[in-house]
Amino acid sequence: MRFDPKIVDDLHLLPRQRLFAEIWFNQVHEYSLDAFRVRTMNPVNAVKELLRGLVPESPVKDNDRKRIWAEMLAVLEATPILKESCFQPAADELCFLVKEYLAKEKQQQALFPLIDAYARELEVALDNCFIKKCILRLTVLLTEQGHGTGADPEMPAINSITGQLLSCLVGDGWSLESLFTLYRRAFANDTTHTEVGQPYDFLRAMRWMFERLVRAPKAYVVTFAINQITDVRAFPPHVGDINFTTEPPILTEESSLYAKRLATRGGSRVFATMTIDAKDARIAGMRAASHIEQVLDVIRYDFERRNFSLSERFLVAKPDKHAILDVSRSVPNHKRHLTQEALHKFMQRLGDLVSSGTLEDDSKDRIYSAFRLYRTGAETGNLENKLVNWWTALEFLVKAGGSGGIGDAVENALAPTVTLAYLAKHLQAIRTALHAKRVQATHPVSGVQLDMEKISLTDFYALCLESKFQTQILTAVSAHPYAVLHISAFFSEVASPKALVETLKHHDRSVRWQIQRIYRARCDIVHSAGRVVQATLLCANLEAYLKILLDSFLDALHRHSTLRTPREFFDRQRHLFDRVSAQLVKSDSSLLISILSHCESPDGVS
């Protein structure tokens with residue numbers, strides 16, 4: 001959770017408008033899976049995933065189908081916009097039939113034709129109307145002022161609709177960088193959508209943003225540089241719809257210095273130009289990069305042995321100049337910033353791994369391989385390659401002494417560890433946000449001033465259960481509806497041990513669904529060379545899971561010097577999760593608090 005002070009300090013937005021802006025900012029700029037789950041699934045791709053499992057050649061089995069359809073049902077039922085007439089009765093009938101299917105002990109394939117019929121009907125309606133309906137509903141909600149006093153009942157709806165809209169836009173090809181650029185241009189007092197000298201007008205800016213999101217695609221001419229070519233003269237002038245030339249595009253004086261540098265002739269440089277129809281220049285660049293790289297892969301096969309590379313930036317022609325943009329290749333997770341103390345702690349854990357006399361040789365080799373594969377995935381610019389490398393790192397760890405189907409094996413090994421980290425991750429995220437905002441709070445009993453940077457997670461957790469402390473925090477962040485909404489939800493989730501165990505069960509289910517989705521994406525890449533929808537978000541989840549697992553394993557190795565295999569670690573984690581859950585049901589948090597004391601962030605950031 002992050003705060004952009006410009007929203008509050010400069011624009012003076014209404015609470016609903018501020019919430020919308022803060023949701024957009026958090027999810028497309030300071031996007032991090034360390035804390036609040038950003039939607040990978042939305043009604044559009046949930047229905048498409050159901051339909052992919054119904055085609056005759058689909059590898060989806062009954063167990064997978066039950067998981068996929070159960071999540072689709074949860075997504076559809078949490079989407080009030082589907083009550084709109086354009087989605088009815090298909091949405092309600094599809095939900096009814098899927099419930100019928102899931103309720104039967106024996107899978108009723110006789111329902112498949114009807115499920116397929118209503119799903120296809122709903123798919124067309126969603127493709128045509130969902131983003132537009134989200135925008136229309138948000139326009140109404142953000143135009144209304146809302147309640148002057150007390151809680152605004154529409155705030156959760158704004159949060160839900162905005163999240164689903166962003167998820168659909170990412171699935172539709174928008175990069176997080178493009179969506180953040182829209183945010184900056186809409187929520188700033190500039191001349192993009194208002195005349196010079198006029199005061200900032202949120203509603204005018206909102207209309208400008210929404211018009212950009214739904215406008216028809218247009219043609220973009222994009223140019224990449226290919227460097228380190230052995231013989232530039234051997235490149236053909238055309239390969240399909242790609243033009244290759246050693247001559248750089250002619251730039252106007254209005255183009256930036258960076259654009260001019262890219263458009264500079266070089267002895268081993270070739271320029272590749274394409275025309276792409278897209279809604280946004282960065283989307284056009286991403287699609288062009290993908291297509292050009294496919295051609296370059298063939299050239300690498302036999303023609304060119306040198307390690308030539310496609311530039312990570314590209315030129316896009318505009319009426320008056322050429323703009324330069326970056327290709328979106330990064331996974332938008334929080335980057336660690338190691339303090340000296342945290343670095344020493346990590347190196348101590350690494351020393352435990354290297355010097356361990358109890359770890360079996362095969363297990364140690366697999367752990368080293370997992371770190372190597374993580375590094376390989378982190379260094380590649382291709383999202384599909386990242387996903388395959390990071391998934392393989394998980395396979396190496398899970399198969400060290402394990403057996404069974406790899407998808408289920410990774411799910412059963414990984415889910416307990418990720419779920420056990422849930423509470424610590426939320427506490428760390430909220431504590432970090434409060435410290436960044438310089439929130440002043442006192443101990444509800446002693447009245448002593450609290451240092452949000454140094455307070456331990458166990459002490460912070462205890463404070464979060466105190467109503468007086470909750471009131472202090474919510475009052476301190478009252479100018480930020482996004483913070484109020486999520487911190488209030490967190491306080492409710494941890495209000496009692498029984499409430500917390502339900503939260504952990506829900507998170508465990510979500511993690512398992514996501515692991516299986518990542519595995520299906522991996523299989524699509526490996527077995528059918530398929531392109532992965534929502535690859536950015538899946539990679540973000542996968543990287544976060546892998547880091548949690550490796551951090552937890554190194555910590556366990558430090559605390560349990562007799563650890564012999566990763567399998568033993570996974571068994572311990574599963575046993576620990578079951579014990580924590582059983583204790584919480586009995587209103588006993590002692591074991592969870594003990595675990596929390598070992599969960600301080602490995603990067604030392606507060």
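This is a predicted model: local features need pLDDT of at least 70, side-chain atom pairs count only at pLDDT 80 or more; totals for chains, interfaces and linings use all residues.
Student: Why is the pair of Phe180 and Tyr183 called stacked?
Tutor: Good one to begin with! The ring centres are 5.6 Å apart, and the planes meet at 20°. Planes under 30 degrees apart count as stacked, so the pair of Phe180 and Tyr183 is stacked.

Student: Where do Phe180 and Tyr183 lie?
Tutor: Both are in helix H8 (residues 176-186), three residues apart, which is about one turn of the helix.

Student: What makes Phe180 count as buried?
Tutor: Its relative accessibility is 17%. Buried means under 20%, so Phe180 counts as buried. Tyr183, at 0% relative accessibility, counts as buried by that cut-off too.

Student: How do you know that Tyr374 and Trp390 are stacked?
Tutor: Their rings are 5.6 Å apart, centre to centre, with 15° between the planes.

Student: Why does the pair of Tyr374 and Trp390 tie together parts that are apart in sequence?
Tutor: Tyr374 belongs to helix H13 (residues 361-379), while Trp390 belongs to helix H14 (residues 383-398), so the pair ties together parts 16 residues apart in sequence. Tyr374 and Trp390 are both buried.

Student: Which residues do ring pairs link into a cluster?
Tutor: The cluster holds Phe20, Trp24, Phe25, Phe180, Tyr183, Phe187, Phe202 and Phe210.

Student: What makes Arg366 a charge over the ring of Phe396?
Tutor: The charged end of Arg366 is 5.8 Å from the ring centre of Phe396, and the distance has to be within 6 Å. Arg313 likewise lies over the face of Tyr258, 5.6 Å from the ring centre.

Student: Is Arg517 buried or exposed?
Tutor: Arg517 has a relative accessible area of 7%. That is under the 20% cut-off, so Arg517 is buried. Arg517 sits in helix H20 (residues 497-528), and its contacts beyond four places in sequence are Thr40, Met41, Glu49, Glu71 and Leu538.

Student: Which elements have the lowest and the highest mean pLDDT?
Tutor: Helix H12 (residues 340-355) has the lowest, 60, and helix H6 (residues 112-143) the highest, 95. The protein averages 84, and 87% of the residues score at least 70. Over residues 31-37 the pLDDT is below 50.

Key:
Residues are numbered from 1 along each chain as its sequence is written. Side-chain values use heavy atoms; hydrogens and water are left out. Rings of Phe, Tyr and Trp (its six-membered ring) pair if their centres lie within 6.5 Å; planes under 30 degrees apart count as stacked, over 60 as edge-to-face and the rest as tilted. Helices (H or I, at least four residues) and strands (E, at least two) are DSSP runs, numbered from the N terminus. Buried means under 20% relative accessible area, exposed over 50%, partly exposed in between (1.4 Å probe, protein chains only). A charge sits over a ring if NZ of Lys or CZ of Arg is within 6 Å of the ring centre and within 35 degrees of the ring normal. Contact means heavy atoms within 4.5 Å. pLDDT is the predictor's confidence in each residue, from 0 to 100.
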